Amino acid sequence: MIFQRANRLKGIVCRYSSDKRMARVKLRYVQLLFCLALALTVVSPAAADTADSKSLDEVNKELSNPISSIWALQLQQNTYWLNKPDRNVVNLQFQPILPLALTDDWNLITRPVFQVMNSTPYVNESLHLHRVTGFGDTIVGMVLSPGPKLAGPWLLGAGPTFILPTASNSRLGQNKWQLGPAGVFGYLGGKWLAGVFPQQWFSVGGPGSQTVSQMNLQYFFAYLPGGGWGIGTAPNMLVNWYASHGNKVTFPIGLSISKVIKIGPLPVKLAVQPQYMPVHPDVFGQKWDLQFSITPVIPDLVNRKILEGW
């Protein structure tokens with residue numbers, strides 16, 4: 001009887017702790033959405049001025065470009081279905097796009113990725129399957145890119161990229177400070193664009209027990225038929241260089257459909273992209289992904305050239 005009461009009490013405590021963690025995650029999510037809504041309310045008139053000088057097709061084209069000159073705030077949700085075990089991973093990301101004009105010919109594009117919510121399964125010490133939810137690691141990529149006067153129709157850029165160990169639980173991140181190179185190479189056509197955006201990270205410290213070397217390579221293509229519509233693909237190939245043979249690569253193929261609309265005066269890009277991973281790790285490998293994103297445009301928060309006159 002004593003053991004039964006103890007187990008019952010333990011279960012109540014565990015559920016209470018889990019509920020508290022979930023409540024904190026939900027609160028953080030609500031706070032983020034509130035801040036986003038507040039920001040959109042404040043900047044909508046100025047964003048309308050930015051959009052009036054560009055067609056909906058031009059806005060879609062800019063937002064499909066990793067080195068875009070448009071300031072924007074993106075919310076992206078991914079739902080991954082795993083092969084083994086038969087579970088899913090839910091990931092909500094907040095991705096501001098923050099370009100700065102250094103001179104007339106050079107731009108610095110900063111693309112942080114805040115993993116606002118990660119919900120992922122794991123196997124505990126007793127070999128039972130559980131789930132943990134919380135905040136993930138933060139990625140900060142910075143790309144120095146020449147403008148059209150220097151590069152013409154080519155998309156060119158290079159710079160550093162970082163991963164910060166901000167995860168709220170060790171199972172939601174890698175507990176490593178990481179850095180490495182990033183680059184963009186592509187071509188900008190009249191109604192289309194295509195290219196690659198690779199990022200490579202090496203661990204340089206942190207309490208995590210494993211050394212990390214990993215790459216994220218986004219290959220992208222978009223065709224813009226008109227009316228603000230876009231069709232193409234923009235999946236992310238993942239490579240874990242230290243994983244065992246057959247578990248290094250996750251290679252996705254996908255189809256993206258997007259549309260830029262105006263909500264009041266505000267231009268907003270809506271997109272959906274289902275993906276299938278024909279190559280993936282054997283255990284906890286991503287097999288399918290359904291991705292939704294919403295990207296409101298905001299005005300340039302820095303209007304002057306940072307290095308003007310140098």
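The protein has three helices and 15 strands, where helices (H or I, at least four residues) and strands (E, at least two) are DSSP runs numbered from the N terminus. What you see above is a predicted model, in which local features need pLDDT of at least 70 and side-chain atom pairs count only at pLDDT 80 or more, while totals for chains, interfaces and linings use all residues. Residues are numbered from 1 along each chain as its sequence is written, and side-chain values use heavy atoms, with hydrogens and water left out.

Of the 310 residues in the protein, 44% are buried, that is, under 20% relative accessible area, with exposed meaning over 50% and partly exposed in between, using a 1.4 Å probe and protein chains only.

Let me now turn to one residue, Asn-60, which sits in helix H2, residues 56-63. Is Asn-60 buried or exposed? Asn-60 counts as buried because its relative accessibility is 0%. Leaving aside residues up to four places away in sequence, Asn-60 touches Leu-224, Gly-228, Trp-229, Gly-230, Ser-258, Lys-259, Val-260 and Lys-269, where contact means heavy atoms within 4.5 Å. With Lys-269 there is also a polar contact, side chain to side chain, at 3.3 Å; the term stands for a pair of N or O atoms within 3.5 Å, and within protein one must be able to donate a hydrogen and the other to accept it, residues adjacent in sequence counting only if both atoms are side-chain atoms.

Finally, contacts across the chain: among those in the protein between residues at least 6 apart in sequence, 58% join residues at least 24 apart.
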